[in-house]
Amino acid sequence: MQQRHILLAVTGGIAAYKVPELVRWLQRAGHRVRCVMTPAATEFVSPLVLQSLTGEDVRSQLLDAGEEGQIGHIALADWADQVVVAPATANTLAKLAHGMADDLVTAVALATRAPLLVAPAMNVNMWEHPATQDNIESLRSRGVRFVGPEAGELACGWEGVGRMSEPSEIGAAVDLSLAGESLSGEVVLVTAGGTRERVDAVRYLGNRSSGKMGFAIAEQAARRGARVVLVSGPTSLATPAGVRRLDVESALEMRDAVLAEWPDVTIAIKAAAVADFRPARASDLKIRKEDLADGEAPTLELVRNPDILAELCSDRGARIVVGFAAESHDVLESARRKLERKGCDLLVANDVRSTTTGFDSDMNRVSFIWPGGENEELPTMTKSEVAEQLFDRIEKLCEGRR
Ligand code: PMT
């Protein structure tokens with residue numbers, strides 16, 4: 001592998017004890033590593049250790065008279081092919097999100113044109129605080145990549161999300177980031193939101209899907225350089241940057257839109273909650289109770305909608321097709337059966353009984369179900385993170401296809 005320059009920016013958290021191992025991991029992957037630190041980070045890991053491992057000076061002061069003679073922080077920013085902030089504290093995330101540059105780490109991060117990868121580590125309450133989550137969303141929207149944090153036992157004694165990812169995972173994320181526009185050349189079709197099946201002039205059969213999951217997937221695909229078309233049911237969400245959006249209402253309209261795009265598509269991800277049934281007849285006028293006999297209620301006859309996912313799978317050629325499964329019970333078993341019935345390359349199962357994940361939430365808890373029976377259960381994470389995890393898997397499928 002070509003040697004790349006990794007600037008490892010260390011901030012002040014207990015997870016800094018993993019940094020020497022991360023340096024080793026990056027060096028074994030063939031990279032040249034330099035470290036910068038915040039003054040607080042030097043309390044957790046000795047600059048001398050990092051200097052010895054990297055064979056390079058380790059700076060921790062922005063106002064270093066010797067170095068800044070040659071505008072040292074700009075030289076470091078320009079040297080880097082990739083900047084990695086690990087561990088990233090809540091404080092540093094806030095500064096990065098707001099473009100502050102009052103220490104060497106944030107000054108370099110602001111000055112560099114290299115991609116930024118961040119490995120947060122903090123107490124679970126700090127992680128879940130809306131201020132931190134807003135900062136993360138803001139950084140994400142500017143193309144900053146995240147790896148972790150993971151759930152587990154935290155150094156502060158709490159249990160939950162906040163552990164820095166392991167060096168091997170951060171290293172893998174560095175490789176992915178350096179690969180750059182990893183989906184360039186791919187045409188990704190995403191479906192999102194719920195369909196509405198018309199009953200009469202004012203009523204419809206619908207479901208609770210907000211479109212958030214599908215929109216996060218479309219956004220992630222665009223960030224990775226794919227050409228993205230998003231076929232969406234009714235939603236108030238804004239179209240992600242770089243995404244072409246087609247609005248539809250019913251399952252039949254969704255099918256038409258998807259099939260019209262199909263010839264160009266190389267990867268399809270069906271996150272939409274498509275109605276399985278629609279009223280056999282829709283009235284052009286409002287059905288009024290005054291027009292019915294006293295106490296009478298109309299009977300709604302339903303017919304089945306086409307199964308768009310199954311149809312795509314039966315004509316998929318070399319395409320990668322990913323389905324979702326919204327399950328309320330026997331999640332893994334039903335999802336496995338669905339995968340076999342529909343014939344997709346990967347099925348993302350979510351338990352939709354929860355009120356904090358799944359439908360109309362910013363969070364999701366999913367399992368990836370693979371043909372052959374293997375499944376990976378992921379912890380609860382934001383829908384943007386689910387999208388990242390999903391594309392890390394899809395990119396492996398793409399490699400296998402080449
Ligand atoms: O939109 P959000 O509020 O963010 O919520 C996200 C979500 C819960 C809707 C999403 O994560 C999800 O699970 N989407 C799939 C919902 C669904 O319809 O599941 P299903 O098990 O009924 O269908 C299985 C698969 O077949 C899905 O990929 C679905 O798009 C597809 N399908 C279903 C019926 C049909 N007639 N045609 C289809 O293509």
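Let's start with salt bridges. This is a predicted model, and the count in it comes to 28 salt bridges. Some background: side chains of opposite charge can pair when their charged atoms come close.

Take one of them. Glu385 forms a salt bridge with Arg140. The closest N and O atoms are 3.3 Å apart. Now find the two residues along the chain. Glu385 sits in helix H14, residues 383-401. Arg140 sits in helix H8.

Next, the domains. The chain is divided into domain 1, residues 5-178, and domain 2, residues 187-401. Their C-alpha centres lie 37 Å apart. How many residues does the contact take from each domain? Ten come from domain 1 and eight from domain 2.

On to the interface area. The size of an interface is often given as the accessible area lost when the parts come together. Here, the area buried between domain 1 and domain 2 is about 760 Å². Carbon and sulfur atoms give 39% of that area. Which three residues supply more than any other three of the area that domain 1 buries against domain 2? They are Arg140, Arg145 and Leu176, and they supply 57% of it. Note Arg140 again: its side chain meets that of Glu385 in the salt bridge.

What else crosses over? The rule finds two salt bridges across the interface of domain 1 and domain 2. Between the domains there are also three residue pairs in polar contact, counting pairs with both residues at pLDDT 80 or more. Now look at the side of domain 1 that touches domain 2. Helix H8, residues 130-141, and strand S5, residues 145-146, each supply at least two residues of that side. H8 gives the most, with four residues.

Last topic: a sheet. Strands of a sheet pair through backbone hydrogen bonds, either parallel or antiparallel.

Strand S11, residues 227-232, pairs with S12 in the parallel sense, over five bridges. For an example, pick Val228: its bridge partner in S12 is Val243.

Notes: Residues are numbered from 1 along each chain as its sequence is written. This is a predicted model: local features need pLDDT of at least 70, side-chain atom pairs count only at pLDDT 80 or more; totals for chains, interfaces and linings use all residues. Side-chain values use heavy atoms; hydrogens and water are left out. Two strands pair if DSSP finds at least two bridges between them. Domain bounds come from an automatic or database domain assignment. Contact means heavy atoms within 4.5 Å. Buried area is the accessible area (1.4 Å probe) that two parts lose on being put together, summed over both. A salt bridge is a side-chain nitrogen of Lys or Arg within 4 Å of a carboxyl oxygen of Asp or Glu. A polar contact is a pair of N or O atoms within 3.5 Å; within protein, one must be able to donate a hydrogen and the other to accept it, and residues adjacent in sequence count only if both atoms are side-chain atoms.
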